[in-house]
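This report covers selected local features of one chain. The sequence and the structure come first, and the notes follow.

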Amino acid sequence: MMKLGEYAKYDALGLAELVARKEVTPKELAQTAAKAIETSNPVLNAVVETYPDRIEGLDEATLGKGPFRGVPFLTKDVFGHEKGRKIEFGSRLCKGMTVETGTYFLDQLKAAGVNILGRSAAPEYSMSGTTESVMFGNTSNPWKKGYSAGGSSGGAQAAVTGGVVPIAHGSDIGGSIRIPASLCGGL
């Protein structure tokens, strides 16, 4: 398994290149990301669910062959539905809701080869400029605990800036990517 400091130095394309050159396996990347989640999430509160079948139980043959093959990825808990998985929109009203039909967007992510390890935090129904919910609590800025990571893609941005995953799903209508990028120093 890679050391966390080494892992966090790579962007998504860099990790994909390591996989392509067989210097690291997708499973090793998944395990390293899981260690990063375990280490950082108690402070960040950026990840609301992980998928053990995509970490310890990863069947690498299920990954797409696209340019991001094996790269750890998180989907926002608002959109990017995957059949058979939970999507709760950060809301107690949707707690435990399981998706019956996946989205084309998620199919395209899988084809690109990313390894979707879980869901990132989002405010209830993505309706806030901060990532806080009664259901999951507040997501912290990776630079200063207790300060806002912004929203609504704050969980995704905090996870990327905090070195948990090199790439994550964000969506933006009224600043939901731009606000977290501004507050967390992301691009």
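## Gln108 and helix H4

Gln108 is partly exposed, at 39% relative accessibility; with a 1.4 Å probe and protein chains only, buried means under 20% relative accessible area, exposed over 50%, and partly exposed in between. The residue belongs to helix H4, which covers residues 104–111. Helices (H or I, at least four residues) and strands (E, at least two) are DSSP runs, numbered from the N terminus. Between the C-alpha atoms of Gln108 and Ser120 the separation is 19 Å, for 12 residues along the chain.

## Basis of the values

This is a predicted model, in which local features need pLDDT of at least 70 and side-chain atom pairs count only at pLDDT 80 or more, while totals for chains, interfaces and linings use all residues. Residues are numbered from 1 along each chain as its sequence is written, and side-chain values use heavy atoms, with hydrogens and water left out.

## Sheet and hairpin

An open sheet of 4 strands has mixed pairing and the order S1-S3-S2-S8. Strands S1 (47–50) and S8 (167–168) are at the edges with a single partner strand each, so one side of each has no neighbour in the sheet. Two strands count as paired if DSSP finds at least two bridges between them. Strands S2 (residues 72–76) and S3 (residues 115–120) run parallel and are joined by 5 bridges. Opposite Leu74 stands Gly118 in S3.

Strands S6 (residues 140–141) and S7 (residues 144–148) pair in the antiparallel sense, over 2 bridges. These two strands form a hairpin with 2 residues between them. Asn141 has Lys144, in S7, as its bridge partner.

## Backbone geometry in the loops

Two residues other than glycine with positive phi can be described here. Phe89, with phi of about 55°, is in the loop between S2 and H4 and counts as buried at 15% relative accessibility. Tyr125, with phi near 55°, is in the loop between S3 and strand S4 (132–133); its relative accessible area of 35% makes Tyr125 partly exposed.

The peptide bond from Gly151 to Ser152 is cis, with omega near 10°. Ser152 is placed in the loop between S7 and helix H5 (154–161).

## Cysteines

How many disulfides does the model have? The count is 0, where a disulfide is a pair of cysteine sulfur atoms within 2.5 Å. Cys94 is buried, with a relative accessible area of 12%. Cys184 is also buried, at 0%.
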